[in-house]
Every structure is written in C-alpha cells, then in structure tokens.
Amino acid sequence: MPDLVLEAGVPAPVIVSLKRRYGEAQRRYHTWHHIEHMLDVFEETKNAFANPQAAALAILFHDAIYDPKAKDNEARSAELLRREVQGAIDSDVLCLAEVFINATAKHQILDDLSDAQRSDCALFLDIDMSILGADWPVYKTYAAQIREEYDHVSNFLYRMGRRKVLKEFLKRPAIFLSDLLAHRYEAQAQENIERELTEILT
C-alpha cells in the first residue's frame with residue numbers, strides 16, 4: 001500500500017477513509033479485496049500505462065460509492081475523487097482519472113481521448129474486468145457475491161438482467177479491450193461467462 005500511495009499521490013488518511021467505504025454492509029464483491037486484486041494486476045502492468053498515476057487513482061476510487069439500487073455510482077465516485085484530492089493532484093491527472101471512472105459505467109472507452117489515453121483507459125477497464133478471466137472456482141464465488149449484492153431483486157428479475165449483461169459481453173468482438181490482458185484473460189472469460197449462463201442462470 002505505501003507504494004500505491006506514492007504512485008497515486010493520495011494522502012494516507014484518504015486511503016483509510018476509502019477502506020471504510022469499501023467495508024460497507026451492502027458490499028460482497030465490491031470490497032477492498034476487489035481493489036487489492038486490481039492493484040496486483042496494476043503492479044504487473046503499470047509500465048504499459050502512459051499515465052499510471054491516473055490509473056492508480058481510478059482504481060482506488062472507481063467503486064468508492066456503491067449502492068446496488070442506484071444508477072449513478074460511477075459519476076458519484078468520480079465526484080468523490082475530486083473532493084478528496086483536488087489541490088493535491090495535478091488537474092490533468094485528476095481529470096483523466098475521472099474519465100476512467102466514468103468509463104466503468106458501460107465499460108466502454110469514452111470519446112475524445114488521445115491514442116495514449118484510449119490505451120490507458122482500455123487497460124484500466126480490463127484490470128477492473130480481470131475477475132472474468134479467473135479460474136472457474138474464483139469466478140463462481142464472484143458470481144455468487146454479485147448475486148448477494150442484489151438480494152433486493154427477485155431471482156427471476158436478477159437472472160433476466162444478469163443474462164442480458166453477460167450476453168452483451170459475448171456479443172462484443174472481444175471482452176477485453178487491451179491486447180495485453182486479452183491475451184491473458186479472454187479465453188477463460190468467455191468460458192466462464194458461458195458456464196454462468198448455462199450452469200447458474202438457467
């Protein structure tokens with residue numbers, strides 16, 4: 001964690017506050033464990049980022065606001081990032097981190113980015129999605145945790161919504177947007193999603 005604080009430029013008390021947020025009762029998957037997993041992948045890939053500081057900030061804050069019943073978690077998380085670190089972080093870095101966070105709403109690269117920024121955004125989004133390419137037992141636990149976060153939704157409606165989301169991923173030319181992580185995770189992610197559709201959501 002000290003290395004990440006140095007990388008992102010986030011004061012230690014802000015990290016403490018973030019950890020409290022990621023420990024909220026409504027969370028099962030979107031916890032600090034998810035952030036730690038992303039940080040592990042980030043450490044392995046950070047040399048591929050043109051702006052690793054923006055990516056590190058986005059990792060820390062992208063799920064800082066998480067209400068399973070809300071539709072604006074991403075925008076509110078980006079706003080929280082700005083409130084917490086404005087003045088301590090270069091404005092261009094902060095703006096780019098906000099772009100990355102907002103891109104997680106649909107897991108698509110937003111328009112009006114430079115080639116380097118698009119590459120960074122793709123890699124950041126892939127790090128967020130890397131759980132999809134985990135070994136099946138880990139993926140199955142993730143799927144169960146997501147269901148728990150939506151325990152306010154009936155089984156019928158949850159299965160219908162989850163199937164729609166997963167099938168949208170399968171319709172894409174590739175689930176992963178960066179060559180670096182597509183090579184590592186794409187095949188397993190395709191297999192995992194198919195298994196969830198046929199073994200869990202039927």
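Residues are numbered from 1 along each chain as its sequence is written, and side-chain values use heavy atoms, with hydrogens and water left out. Because the model is predicted, local features need pLDDT of at least 70 and side-chain atom pairs count only at pLDDT 80 or more, while totals for chains, interfaces and linings use all residues.

**Core**

The largest nonpolar core holds 63 residues. A nonpolar core is a set of buried Ala, Val, Leu, Ile, Met, Phe, Trp, Tyr and Cys residues joined through side-chain atoms within 4.5 Å. Buried means under 20% relative accessible area, exposed over 50%, and partly exposed in between (1.4 Å probe, protein chains only). The members that touch the most others are Val-10, Leu-18, Leu-60, Phe-61, Leu-132 and Phe-176. Helix 4 (residues 52-61) supplies the largest share of this core, 8 residues. Helices (H or I, at least four residues) are DSSP runs, numbered from the N terminus. In soluble globular proteins, nonpolar side chains tend to be buried together.

Contact means heavy atoms within 4.5 Å. Not counting residues up to four places away in sequence, Phe-61 touches Val-10, Val-14, Leu-18, Tyr-22, Ser-77, Leu-80, Leu-81, Glu-84, Val-85 and Ile-101.

Helix 6 (residues 91-103) has 13 residues, which at 1.5 Å a residue should span 18 Å, and its end C-alpha atoms are 18 Å apart, in agreement. The expected span is 1.5 Å times one less than the number of residues. At the start of helix 6, a side-chain oxygen of Asp-90 comes within 3.0 Å of the backbone nitrogen of Asp-92.

Which residues of helix 6 are buried? They are Val-93, Leu-94, Leu-96, Ala-97, Glu-98, Phe-100, Ile-101 and Ala-103. These buried residues pack against helix 4, helix 5 (73-85) and helix 7 (115-128).

His-107 lies in the loop between helix 6 and helix 7. With a relative accessible area of 12%, His-107 is buried. The His-107 side chain makes a polar contact with the side chain of Asp-128 (3.0 Å). A polar contact is a pair of N or O atoms within 3.5 Å; within protein, one must be able to donate a hydrogen and the other to accept it, and residues adjacent in sequence count only if both atoms are side-chain atoms. Besides residues up to four places away in sequence, His-107 touches Leu-125, Asp-128, Met-129, Arg-172 and Leu-177.

**Salt bridges**

The whole structure has 9 salt bridges, each a side-chain nitrogen of Lys or Arg within 4 Å of a carboxyl oxygen of Asp or Glu. The table includes some of them.

| Pair | N to O distance |
|---|---|
| Arg-27 and Glu-24 | 3.3 Å |
| Glu-44 and Arg-184 | 2.7 Å |
| Glu-168 and Lys-171 | 3.4 Å |

Arg-27 is buried at 4% relative accessible area, whereas Glu-24 is partly exposed at 26%.

Glu-44 and Arg-184 meet in a salt bridge. This pair links distant parts of the chain, with Glu-44 in helix 3 (residues 32-45) and Arg-184 in helix 10 (residues 179-200), 140 residues apart. Glu-44 is exposed at 55% relative accessibility, and Arg-184 is partly exposed at 39%.

Glu-168 and Lys-171 both lie in helix 9 (residues 155-171), 3 residues apart, about one turn of the helix. Glu-168 is partly exposed at 41%, and Lys-171 is exposed at 62%.

Technical notes. Helix = DSSP H or I, 4+ residues; strand = E, 2+ residues; numbered from the N terminus.
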